[in-house]
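Visitor: I would like to learn how to read a model one feature at a time. Where do we begin?
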Amino acid sequence: MKGRNMTRWRDPAKDPRQEPKSNLITAEGFARLKGIHEHLSRVKRPQLSTKVGEAAALGDRSENADYTYNKKELNRVIARIRYLGKRLDELQVVDRLPADTGRVYFGAFVTLEDEEGEELGIRIVGHDETDTGKHWISVDAPLAKALLGKALDDEVTVAAPGGETTYIITDIAYRDPSAK
């Protein structure tokens, strides 16, 4: 069966997109997602609804690019609102420091040194907060999984596309969630 929505078959047992994601999130990440949800619900959706209504009032919708574009955008925003609403209900906010701040746990800022002596600073956050620009990695990422529970000066080996890489933990820090 061929169709434009057909994709190649993937074995669900081996498909990385099917792996369960953790529902952990930091307090600031939760506030950011909640703010996006509120903005889309209270500002963006009403604006787009108004634009769609105005474009529809102009007449023939079949050749009305303004109507078509705004209708697609409205549907995209509604889907995003629905997704965020469900996701916010599932998330578990981690709003306290771990008992042992000398080990790597969720929310930790970790400085790593590789074999060449180059430093890499990362933060372990929830799936919804990952940001490659800030070097915030998901708690589900292979590097984060390898780091969890490790202490200062521990050696960690991670399988990477270019081969195995070994890091030494040179610093572990946490941001107090109660301090604003």
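Predicted model: local features only at pLDDT ≥ 70, side-chain atom pairs only at ≥ 80, totals over all residues.

Visitor: Is Thr 26 buried or exposed?
Guide: Buried means under 20% relative accessible area, exposed over 50%, partly exposed in between (1.4 Å probe, protein chains only). Thr 26 is buried because its relative accessibility is 4%. The residue belongs to strand S1, residues 24–26 (strands are DSSP E runs of at least two residues, numbered from the N terminus).

Visitor: What does Thr 26 touch?
Guide: Contact means heavy atoms within 4.5 Å. Leaving out residues up to four places away in sequence, Thr 26 touches Val 93, Val 94, Phe 106, Arg 123, Val 125 and Glu 129. A polar atom of the Thr 26 side chain also lies 3.2 Å from the backbone nitrogen of Gly 29.

Visitor: How many cavities of 30 Å³ or more are there?
Guide: A cavity is a set of points on a 1 Å grid over the protein atoms alone, where a 1.4 Å probe fits but cannot get out; lining residues have an atom within 4 Å of a point. The structure has one. Among its 13 lining residues, Val 94, Gly 107, Arg 123, Arg 175 and Pro 177 are closest to the centre.

Visitor: Which feature does UniProt place at residues 101–174?
Guide: The unreviewed UniProt entry gives "domain: Transcription elongation factor GreA/GreB C-terminal". Such annotations may be inferred rather than shown by experiment.

Note on methods: Residues numbered from 1 in each chain as written. Heavy atoms only, no water. Helix = DSSP H or I, 4+ residues; strand = E, 2+ residues; numbered from the N terminus. Polar contact = N/O pair within 3.5 Å; in protein donor to acceptor, adjacent residues only side chain to side chain. 1 Å grid on protein atoms, 1.4 Å probe; cavity = no way out; pocket = protein on both sides within 12 Å on 5 of 7 lines; lining within 4 Å. Points joined across faces, edges and corners; volume = space filled by probe spheres on them.
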